[in-house]
Amino acid sequence: MNFRVNTDTWFIFTILFLSALALCIILYISIPYLIRKREVKRIKDRQKKKVLKYDELEREKNDLKLLKQDDNIQKLKIDISDYLYQILQSDSNKPNLISFYSNFERIYPNFNHSLQRKYPNISVNELKLCALLRLNLSSKEIGQLLNITQDSVNKARYRLRKKLGIKSKEEILTVLLNI
């Protein structure tokens, strides 16, 4: 039996075999690589979603905390208004304003500090007057609280305007609200 193989056919067959083998090797390497790459992308996407959800929950928590603080401030404002009304209605010669100022400090915690920082030469009595003006009280009510006349309140208000450098056209209340 004389078996002869054509060299051209053998050459083509070898090239096809080596090409198929190379293709198998490339697929053997690239398919797991692509699968791993897709899995890493999926993990990163999940991680991003978790971070976004965590941030959203953190934001909601802060919003709820702010709402709760706002509610507490509103309750304190109502309490301070009631207390102020009681002080004004009482017949005592010297009203007890210590608890009033402590409540004011709880409602507006940085008011006195920022006022002193902005205007370092302001006195304690002027700070008290600013606190009462911040609550938008009239001269008559301030006079009753501080046990002074209405004219004295107006003079103190004028001196305060001068000390703070507020022009006559500006409203002192708007300046105090912006502090």
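The accessible surface of this protein comes to about 14,600 Å², and 58% of that belongs to carbon and sulfur atoms. Accessible areas come from the Shrake-Rupley method with a 1.4 Å probe, and for residues only the protein chains shown count as cover. The model is a predicted one: local features need pLDDT of at least 70, side-chain atom pairs count only at pLDDT 80 or more, and totals for chains, interfaces and linings use all residues. Residues are numbered from 1 along each chain as its sequence is written, and side-chain values use heavy atoms, with hydrogens and water left out.

**Exercise 1. Describe the overall build of the protein.**

Step 1: Start with the helices and strands, which are DSSP runs numbered from the N terminus (H or I with at least four residues for helices, E with at least two for strands). The protein has seven helices and zero strands, so the pattern along the sequence reads α-α-α-α-α-α-α.

Step 2: Turn to burial, where buried means under 20% relative accessible area, exposed means over 50%, and partly exposed lies in between (1.4 Å probe, protein chains only). Of the 179 residues in the protein, 22% are buried.

Step 3: Look at contacts, meaning heavy atoms within 4.5 Å. Among contacts between residues at least 6 apart in sequence, 57% join residues at least 24 apart.

**Exercise 2. Find the salt bridges and work out what each one links.**

Step 1: Apply the rule, which asks for a side-chain nitrogen of Lys or Arg within 4 Å of a carboxyl oxygen of Asp or Glu. The count comes to two salt bridges.

Step 2: Take the pair Glu-39 and Arg-42, whose side chains meet at 3.0 Å, N to O. These two residues are three apart in helix H1, so about one helical turn separates them. Glu-39 is partly exposed because its relative accessible area is 34%, and Arg-42 is partly exposed with 38%.

Step 3: Now take Lys-163 and Glu-126, with their closest N and O atoms 2.9 Å apart. This pair links distant parts of the chain: Lys-163 is in helix H6 (residues 150-164) and Glu-126 is in helix H4, 37 residues apart.

Step 4: Compare each partner with the cut-offs. Lys-163 has 33% relative accessibility, so it counts as partly exposed. Glu-126 has 15%, so it counts as buried.

Step 5: Leaving out residues up to four places away in sequence, Glu-126 touches Asn-121, Leu-160 and Lys-163.

**Exercise 3. Classify the aromatic pair, then find a charge over a ring.**

Step 1: Recall how such pairs are described: by the distance of the centres and the angle of the planes. Rings of Phe, Tyr and Trp (its six-membered ring) pair if their centres lie within 6.5 Å; planes under 30 degrees apart count as stacked, over 60 as edge-to-face, and the rest as tilted.

Step 2: A search of the whole structure finds one aromatic pair. The ring centres of Trp-10 and Phe-13 are 6.2 Å apart and their planes meet at 40°, so the pair is tilted.

Step 3: Trp-10 and Phe-13 both lie in helix H1, three residues apart, about one turn of the helix. Trp-10 is exposed because its relative accessibility is 53%, and Phe-13 is exposed at 51%.

Step 4: For a charge over a ring, NZ of Lys or CZ of Arg must be within 6 Å of the ring centre and within 35 degrees of the ring normal. Arg-134 lies over the face of Tyr-108, at 4.2 Å from the ring centre.
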